[in-house]
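Subject: Structure for your review

Dear colleague,

Please find the structure below, followed by a short account of what was found in it.

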Amino acid sequence: MEEINDTVEVPTDAGFFKTLLAYSGPGALVAVGYMDPGNWVTSIAGGAQFKYKLLSVILISSLIAMLLQYMAAKLGIVTGRDLAQLTRDRTSRVGGFILWVITELAIMATDIAEIIGSAIALKLLFNIPVLWGVIITAFDVLLLLVLMKLGFRKIEAIVATLIMVILFVFLYEVILAKPDMGQMVVGFVPDPKILQNQSMLYLSLGIVGATVMPHNLYLHSSISQARKYDRNDSKSVHQAVRFSTWDSNIQLTLAFIVNTLLLLLGAALFYGTNSDLGRFVDLFNALQDPKVAGAVASPVLSILFAIALLASGQNSTITGTLSGQIVMEGFVHMKMKLWARRVITRLMSIIPVITFAIMYNGNEAKIESLLTFSQVFLSVALPFSIFPLIKFTSNKELMGEFANNKLIEYLGYFIAIVLTILNVWLIYTTFVPAV
């Protein structure tokens with residue numbers, strides 16, 4: 001995005017923490033995708049069904065995310081081009097158009113989860129009908145336009161603040177729930193039973209398969225260029241890559257903590273209760289039901305949950321809209337006014353949700369079922385972003401001394417193949433009835 005490139009000053013001879021603070025921000029926007037409303041029910045359901053056994057899956061997923069986001073940030077910093085631009089440059093006109101459509105569908109699918117999460121949060125907090133909540137979220141794009149006028153650093157600060165709100169809400173709820181710390185530690189060790197239990201394996205695939213989302217790779221490769229460093233000086237580029245990696249890993253660690261807290265909440269409050277926790281509304285009600293959540297049940301817990309859900313939806317809305325702009329500019333070089341580009345990106349996501357809301361008279365269960373179908377587009381688009389990312393960052397002609405070494409390259413391709421297989425399996429198990 002030309003309007004943010006080279007806009008944030010960074011020191012050249014300051015101490016570690018001052019320099020890190022200057023580079024901090026893009027990692028927060030990226031981390032949002034790893035703790036969005038689409039992941040919440042899966043993480044809590046993992047704890048409710050299998051207690052602490054799937055903590056190892058969350059840990060592995062987070063490590064994979066750190067590696068891929070490191071590559072994405074490095075690609076943008078070293079080349080001065082984002083993943084969408086580089087992919088378009090190396091494909092035909094028709095191929096570029098097809099890839100753009102696939103990627104736009106993936107971003108739309110991602111945004112659908114945020115719209116639904118925000119709309120349901122408004123319903124839970126203020127009893128606003130879901131249809132009206134969906135329409136209200138359409139105006140989020142106007143908020144983003146205002147924030148862009150204030151500067152990209154302000155957006156990063158707001159997103160980071162909302163992340164801390166989400167973190168503290170679930171930390172507070174987990175402290176009240178008093179999980180078994182000993183079993184929690186054991187849960188981070190991979191359990192062979194995960195591969196032997198079909199239900200456990202399916203939920204694990206859901207956690208891993210939904211972790212890495214295509215739009216995050218495009219987003220990070222672009223916003224990593226916001227810092228003002230000397231692109232012709234190897235030392236300056238090294239510093240940018242180093243501190244961008246620190247920023248990304250710190251924020252993704254926070255995302256890992258949030259997802260861990262979600263699973264711990266599910267394990268401590270709902271394991272063994274046989275509660276139906278398949279929807280946001282179910283979780284909201286369960287947190288204030290003593291028969292389910294026990295002595296800690298309270299309307300306050302439910303309200304905090306809804307506030308965190310709204311914060312997560314708003315955060316993800318900001319990053320989803322930015323990703324749409326990056327992809328549109330990179331793949332099709334579409335020239336239009338900034339506000340028009342953002343409105344179009346938002347409308348592409350909101351129309352399917354409004355259609356569902358009208359068709360099913362605002363029924364939350366039916367609308368939330370759209371989340372399952374939206375994940376299919378993410379699954380389809382993932383290989384088209386992850387394989388080019390690894391190929392580009394391993395290309396010495398393109399990356400020079402910053403190219404991936406062989407270990408990182410082979411590990412990256414192994415992860416890409418495994419993630420692709422998992423996503424294909426998820427599509428198959430979702431749409432092919434069990435025999």
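Arg 81 is partly exposed, at 29% relative accessibility. Please note that this is a predicted model. The side chain of Arg 81 meets that of Asp 89 in a salt bridge, with 2.4 Å from N to O. Asp 89 is likewise partly exposed, its relative accessible area being 42%.

In total, the structure holds five salt bridges. Another of them joins Arg 227 to Glu 156, with the closest N and O atoms 2.8 Å apart. Arg 227 belongs to strand 2 (residues 227-228) and Glu 156 to helix 9 (residues 152-177), so this pair ties together parts 71 residues apart in sequence. Arg 227 is buried, at 1% relative accessible area, and Glu 156 is buried at 2%.

A further salt bridge links Asp 191 and Lys 53, whose closest N and O atoms are 3.5 Å apart. Asp 191 sits in the loop between helix 10 (181-187) and helix 11 (193-196), while Lys 53 sits in the loop between helix 3 (37-50) and helix 4 (55-79). Lys 53 is partly exposed, with 33% relative accessible area.

On the surface, Val 94, Phe 97, Ile 98 and Val 101 form a nonpolar patch with about 360 Å² of accessible area together. Phe 97 lies in helix 6 (residues 93-126) and is partly exposed, at 47% relative accessibility.

Yours sincerely

Conventions:
Residues are numbered from 1 along each chain as its sequence is written. This is a predicted model: local features need pLDDT of at least 70, side-chain atom pairs count only at pLDDT 80 or more; totals for chains, interfaces and linings use all residues. Side-chain values use heavy atoms; hydrogens and water are left out. Patches are made of residues with over 30% relative accessible area and no salt bridge: like charges are joined within 9 Å, nonpolar side chains (Val, Leu, Ile, Met, Phe, Trp, Tyr) within 5 Å. Accessible areas come from the Shrake-Rupley method with a 1.4 Å probe; for residues, only the protein chains shown count as cover. A salt bridge is a side-chain nitrogen of Lys or Arg within 4 Å of a carboxyl oxygen of Asp or Glu. Helices (H or I, at least four residues) and strands (E, at least two) are DSSP runs, numbered from the N terminus. Buried means under 20% relative accessible area, exposed over 50%, partly exposed in between (1.4 Å probe, protein chains only).
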